[in-house]
Structure formats: structure tokens, C-alpha cells
Amino acid sequence: MRALILLPLLVSACDPWSRWPNESSYEVDRLWDDDVIAADGGLYVSLPQAGALVFVPSAGGEAAEVDLGGAEPVRLTLAPDQRSLLVTSRWSVCDDDDPDIETLGDCPEDELRSVYALDLVVDGALAQSFDIPPYLNAFSFTHGGTKALAYVDAESYATLDELEDQALVDLNAVAVLDLEARSAEVVSVGFAANNFLFNEDDSLALVLAQSQAIVLDLGTLDVNVRYNLTLDEDEELDARAADFTPDGRYALIAISGSRDLYKLDLEIESIDILSMDGVPSDLYVDSATDQTAVVYAGQAQVDVIDHDASFLVESVELETPVTEITALETGVLLYNDANDGVKYLYRLDMEDLELTPYVVTNPVNEVMISDSGRYALAVLRPTQSWGGSSADDYTASHYGLGVLTLDDDDALSVTLTGTPVGVALVDAADTTYALVLVEGEEELLMLDLASPSMLETVAMPAPATGIGTMPDGRFWITHDEELGMVSFLEPETRALESVGGFAAFGLIPDDSLPEREEM
Amino acid sequence: MFATLLLSLLSIASPAAEAAGQDELSFSWGSLGAPDEGWALFSDRDRLDSVGLRGGYGITPALSAVAGWQYAFDGGDLWTWDGEDDGAAAVALTTHRFTLGPKARYELLPWLVPYATVQGALIWGRARLDDDLSDDENLNQLRAGGVAPGALGALGLDLVAFSTDRPVRPAFGVELGYGWVAPLALDPLGELEFRGFYANWSLGARF
């Protein structure tokens with residue numbers, strides 16, 4: 001009989017890992033958002049199902065939940081210091097005072113409402129909360145990164161729940177956040193302001209609102225000047241691109257659909273309109289030469305405006321139109337990411353306006369420049385589904401990479417057999433590597449850009465969904481794993497460290513009312 | 001486990017029960033309410049069903065100490081959907097419930113013995129998750145365990161076969177009542193609460 005009494009002890013010890021019950025089926029939305037935020041020291045990962053935020057340290061150690069007092073993260077934005085994370089947090093409060101109400105389910109539906117705060121999380125811990133309108137969902141940081149303007153992202157009016165949750169919405173408002181003093185103030189500047197420029201010492205912000213440009217003093221928060229860009233206040237002018245001249249005196253603003261380039265003089269408070277040859281699609285102010293480059297989607301030319309010479313415009317002809325400008329160490333790289341027929345990229349020396357064309361096999365999706373400035377990598381997209389038998393057909397039906405050597409005119413295209421889900425560049429001692437993740441593959445491709453045909457692979461624990469750079473120079477990789485998995489890659493040694501399981505944090509639903517107080 | 005140990009000690013240290021037929025050993029099965037929303041992760045039912053063993057030691061003709069152990073193994077598939085693709089992970093929860101307490105009975109007839117019992121309980125639970133069962137080296141083989149105290153009270157009825165002079169008599173018992181267990185913390189997954197209607201059936205021997 002005593003042997004029988006020992007039976008529970010035996011069964012307690014016996015629980016083989018391989019046995020799994022099959023009696024329940026539980027359905028939830030995806031547990032984690034693989035659109036992670038790479039901060040100094042680790043990754044912030046949002047868990048939408050659990051309504052939680054997790055910090056995964058890159059130096060080893062366990063992932064930990066960031067305590068937001070029961071609130072769920074709605075939106076994450078990393079400040080330029082790479083340590084401060086702005087989190088729009090939301091939680092529920094019950095307006096019924098009944099002391100028996102302990103859970104969300106206990107609260108009558110019409111007494112339940114959502115409240116918001118903007119939280120500042122530093123090094124994985126809540127440091128400060130700001131009470132600003134929750135619909136200010138986008139942030140523009142000053143050059144120094146210590147201040148930010150919060151505004152409504154123009155793309156979000158139709159989808160932003162926070163706009164519907166409020167009794168009153170002021171679309172003239174922006175919030176000025178001081179991340180050092182940890183303060184926030186809401187100021188009314190202009191209707192639907194959504195584009196901001198800062199002068200070199202971050203004392204002024206040029207706020208581009210609908211039909212207006214406003215100069216806001218970031219110290220006093222007073223509006224210094226208000227420029228009407230059109231006589232009709234209802235006319236909406238959408239700034240396509242804008243920048244200050246290096247001396248901070250002029251602001252140049254390109255308007256979508258307009259050939260006019262607005263030149264705002266901040267000293268004499270006047271507006272000049274430069275009539276360009278086409279509708280500008282991008283502009284770039286080059287501080288070194290005090291010039292501005294302007295490109296057009298419909299015009300095969302780049303115009304260079306000399307700020308010192310009364311804004312004289314000089315045109316450089318191209319083989320094809322370009323839509324984008326990317327800064328290089330000296331000069332700019334021009335390319336077109338909108339037209340399937342364009343396979344040219346150009347390097348323009350801003351000193352002597354010498355043009356170097358590069359030809360790749362497929363149209364360009366995106367372009368990256370190595371930190372060394374020696375290489376540019378263009379991710380190329382297919383233009384047709386597979387159907388032919390020639391080398392051209394094969395190339396045109398696959399993604400590819402275009403490797404541009406920027407100190408000469410070499411360009412080499414290689415073909416990827418899969419769909420790239422992430423590409424990153426890393427400089428090694430004497431070369432640059434491109435790290436390429438291909439959809440569904442458990443290997444990371446490493447291409448030496450000095451000889452792109454030589455392929456090296458790094459084995460991964462699971463197929464990847466994204467890649468990016470950590471502030472310390474390592475790479476993060478997200479994996480297609482339900483319970484969460486990220487890896488940190490040391491490019492020099494190829495050492496890969498993986499952390500998993502963090503998406504299971506808070507997997508068991510918690511119905512209790514958050515204890516966090518309304519601000 | 002504590003209860004089992006205590007029962008073993010009782011059987012060693014105590015003199016033979018004065019009242020023959022007051023000791024018991026049974027196979028038992030039953031259920032405890034599981035109203036927690038999170039329980040749906042492991043089971044489609046709203047209760048924790050379990051099986052186990054139960055032993056009793058007669059202290060007086062009307063009072064015995066009973067100890068029990070109940071085991072449950074629940075779980076299934078966790079499906080996730082991100083709007084485009086779905087994925088799955090296996091989930092399981094193993095629970096061991098140990099109980100110990102007095103059982104007061106009144107022999108209405110030699111074969112019909114109603115009783116009342118109040119027992120302290122201790123639940124040990126261990127959850128497991130795995131999002132790739134085909135890979136033994138999968139990093140995401142997760143475990144989370146916790147212990148929670150509780151209590152249960154019930155009224156029951158034992159049906160005992162054969163005459164009282166037999167040394168061993170087969171018996172069937174049923175008891176119904178209420179059980180409560182403090183939140184079982186399965187960090188970092190969250191907490192589970194078991195409480196509500198409690199039922200237990202037993203089939204075994206009285207001696």
C-alpha cells in the first residue's frame with residue numbers, strides 16, 4: 001500500500017517533453033510585431049496581443065517587460081539619442097464607482113473609455129509621461145535630438161482611432177517636447193502642420209502647414225513669422241521636399257504638383273518663387289558647396305541652384321528622369337524608384353557638376369550607401385513574371401542587387417533567386433559586406449561588395465523577416481517564429497546570438513482594470 | 001507532495017485505527033471551476049478536469065484525515081493570425097493538486113456514509129509552449145511554473161459494499177462543493193485562477 005502512496009511522486013516526476021495534449025484550439029492575433037525598434041542596448045518589441053512592450057537586451061540576458069502601469073503601447077518612436085523611446089500608451093478606465101468592479105468585464109460598456117499618455121521610456125524603464133493630445137502621432141526631432149515636435153501624420157486621418165476617441169480635436173496644434181527638461185507644451189501653429197525644418201542651432205522651426213509656412217521660436221514657443229504660400233487659404237499645398245540653406249537664412253520648399261520652388265527669406269521676411277523646368281520630386285541642400293540639387297520625375301535633368309550667386313540655376317542633362325536624391329560624402333546619388341523603365345543611377349559631383357552614370361539590370365527599389373562611402377547598393381525589383389528563356393527574361397523576372405563602386409564608374413548587378421526581406425550594409429576592415437535576408441530561407445547571405453559573386457552564408461535558427469543595424473554596429477534580425485525570436489549578429493566574427501520566447505509574455509489574458517491613473 | 005508525505009507519516013506514526021473500515025484508498029476523478037478568461041488558452045471547457053489518488057486514515061470512528069493528489073494535462077494549439085499568414089504553437093499545462101484535511105462522517109447505514117470535508121490545497125502548475133515541434137533544438141521551447149495555495153469544502157456520500165466484518169470493502173464516493181485557489185502565477189505568461197464548483201468521484205477500498 002505504501003508503494004501506491006508513492007505513485008503520485010512517480011507521476012509528478014514523469015512528464016516527458018514529447019507529450020502534447022490536443023484538446024483545445026485558441027486563436028489570437030499575431031503575438032509580436034516584428035517591426036522592432038533598435039535602441040542603444042537592445043530591441044524594443046511591441047506585443048499587441050498582450051498589450052505589452054518588451055525590451056530584449058542585445059548583450060545577453062533575459063528579455064523584460066517594460067512597466068507601463070497596465071497601459072498598452074500604441075505607437076513607438078525612437079529619439080535620435082538612441083536611448084529615449086516615445087511610447088503612445090493607452091489604457092482603459094471605468095467611470096462607474098462601484099467598488100465591486102475589479103475587471104474590465106465587470107464595468108458597464110458605456111462606462112468604459114480609453115485614455116492616453118505619451119510615455120518617455122529610457123533604457124527599458126518608464127521615465128516620464130506627457131499629457132498631450134493622443135492624435136499627435138508623429139514626431140519630428142531637432143538636429144540635436146533634445147526637442148521634438150509632435151503632429152498628426154497626414155497619412156493617418158482616415159485610420160487614426162485616437163481622432164475618434166476624443167471629444168475635441170485641434171488640428172492646428174503641435175506639441176513641443178523637451179526631452180532633456182522632460183516637459184511638453186501644446187501650441188497652435190497652423191492647420192494640418194506636418195512638415196518641419198530646424199535651423200542649424202535648433203532655435204527655430206519652420207512649420208509647413210496647409211497653405212502656410214510658420215517660423216516657430218523653440219525657446220519662447222512664439223510664432224515669429226507666418227508666410228502665406230497661397231492667396232487662397234483653403235488651397236492645400238503639400239510640401240514634397242524642403243530644406244534650409246546652410247546659413248539658415250533661406251528655406252526652400254518644393255510643392256507636390258507645382259513647378260514652383262518657394263524660397264522663404266527668414267531675415268527680410270519675404271517669399272520668392274523660383275519657377276523650375278518641371279515639378280520637383282526631391283531636393284537636397286549640399287552644405288559643402290552651398291548649393292541645392294533639384295530633380296524631377298518627368299524631366300531628365302538635375303538642376304543645381306547656387307545660393308551665393310543669386311540662386312542661379314544650372315541644369316545638368318540626364319539619360320533618364322530621376323525621383324530621388326541621396327547624399328554621398330562628396331556629391332549626391334540620383335535614382336528613380338518610381339519608373340519601371342529606368343535602370344540608370346547617377347553620381348553627381350556637386351563641386352564641378354561632373355556626372356557619372358551607372359546602369360543596372362532592373363529598376364531600383366531602394367538604395368543604401370556604405371558608411372565608408374565607397375559603395376552604393378541598389379535593391380532591384382523584377383518587372384515581369386517568369387515567362388521567357390533568355391538571360392534577360394531571367395533577370396527581369398527576379399529581384400537583384402546592383403553594386404555601385406562610387407570611386408569609379410563600376411556597376412555590377414547580381415540576381416537573387418528569392419524575395420529579399422531585408423538588406424543591410426556593414427563595413428569591414430578592407431571591404432564592405434551586404435547582408436541579405438531572403439524570404440523563407442534559414443541562411444543569411446553575405447556578399448563581399450568588392451567581389452559580389454563570392455557568396456558567404458551564415459546559418460540562422462529560423463527564417464528571417466527583417467534586418468537592421470544596432471547602434472553598436474551589430475545587426476538585429478527578426479525571425480518568423482510565433483513565440484518571438486530575434487538574433488544579434490556580430491559581422492566581423494559572424495557570431496549569431498538568438499533570443500526567443502519573449503512574445504509569450506502576458507499571453508494569458510489579464511482582465512483586471514489597469515491601476516494607472518489618468519493624467 | 002506535502003500531503004502525500006504527511007499521509008505516509010501518519011500511517012507510520014499513528015496506532016491502528018480503532019474503527020476498522022475507516023481507512024481508505026481510492027482512485028479519484030473530478031473537476032474544479034476555471035472561470036478565468038486565460039484558461040481558454042489550455043482548454044475549451046470551463047473547468048479543470050483531473051484524475052488522481054486519495055487516501056484516508058481513520059483517527060476516530062467519525063473523523064479521518066484525507067489526503068489527495070489530482071493530476072491534469074491540458075492544452076492544444078495556439079493559432080496566431082497577422083492578417084496575412086497564420087501560425088501555430090503547441091501549448092500544454094500540467095497541474096498537480098495536493099489536498100489535505102479532515103473528513104467528518106456519519107454512518108447512516110453500514111453501506112451509506114454521508115460526510116463533510118474541508119481541505120487545504122496546493123496547486124503546482126507548469127505550462128509549456130513550443131512553436132516548432134519538428135525541431136528538438138528549437139529555442140522557443142518555453143516553460144513557466146508556479147505554485148498556488150487554495151482550499152475546498154464539500155459534502156459527500158460514500159457507498160460501501162459488503163458487510164462490516166470484511167477487512168477490505170469496495171467503495172464508491174461522490175462529493176460536491178466549492179473550491180478556490182489563489183492566482184497561479186505562470187511567469188512570464190500571466191496568471192490563472194481556479195475557483196467555483198468542485199466535484200469529485202472516487203472508487204476504491206475501505207479497510
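Both A:Cys94 and A:Cys107 are buried, where buried means under 20% relative accessible area, exposed means over 50%, and partly exposed lies in between, computed with a 1.4 Å probe and protein chains only. Please keep in mind that this is a predicted model, in which local features need pLDDT of at least 70 and side-chain atom pairs count only at pLDDT 80 or more, while totals for chains, interfaces and linings use all residues. Residues are numbered from 1 along each chain as its sequence is written, chains are lettered from A and ligands numbered from 1 in the order in which they are written, and side-chain values use heavy atoms, with hydrogens and water left out.

Now, what do A:Cys94 and A:Cys107 form? They form a disulfide with their sulfur atoms 2.0 Å apart, a disulfide being a pair of cysteine sulfur atoms within 2.5 Å, and the structure holds one over all chains. The torsion about the S-S bond of A:Cys94 and A:Cys107 is about 90°, so this disulfide is right-handed. Because A:Cys94 lies in strand β7 (residues 84-94) of chain A and A:Cys107 in the loop between β7 and β8 (112-122), the pair ties together parts that are 13 residues apart in sequence; strands here are DSSP runs of E, at least two residues, and helices are runs of H or I, at least four, numbered from the N terminus.

Let me turn to A:Asp202, which sits in the loop between β14 (195-198) and β15 (204-209) of chain A. The side chain of A:Asp202 reaches the backbone nitrogen of A:Gly144 at 2.8 Å.

In chain B, B:Leu109 is found in the loop between β4 (86-105) and β5 (112-130), and because its relative accessibility is 35%, B:Leu109 counts as partly exposed.

Definitions and conventions:
A polar contact is a pair of N or O atoms within 3.5 Å; within protein, one must be able to donate a hydrogen and the other to accept it, and residues adjacent in sequence count only if both atoms are side-chain atoms.
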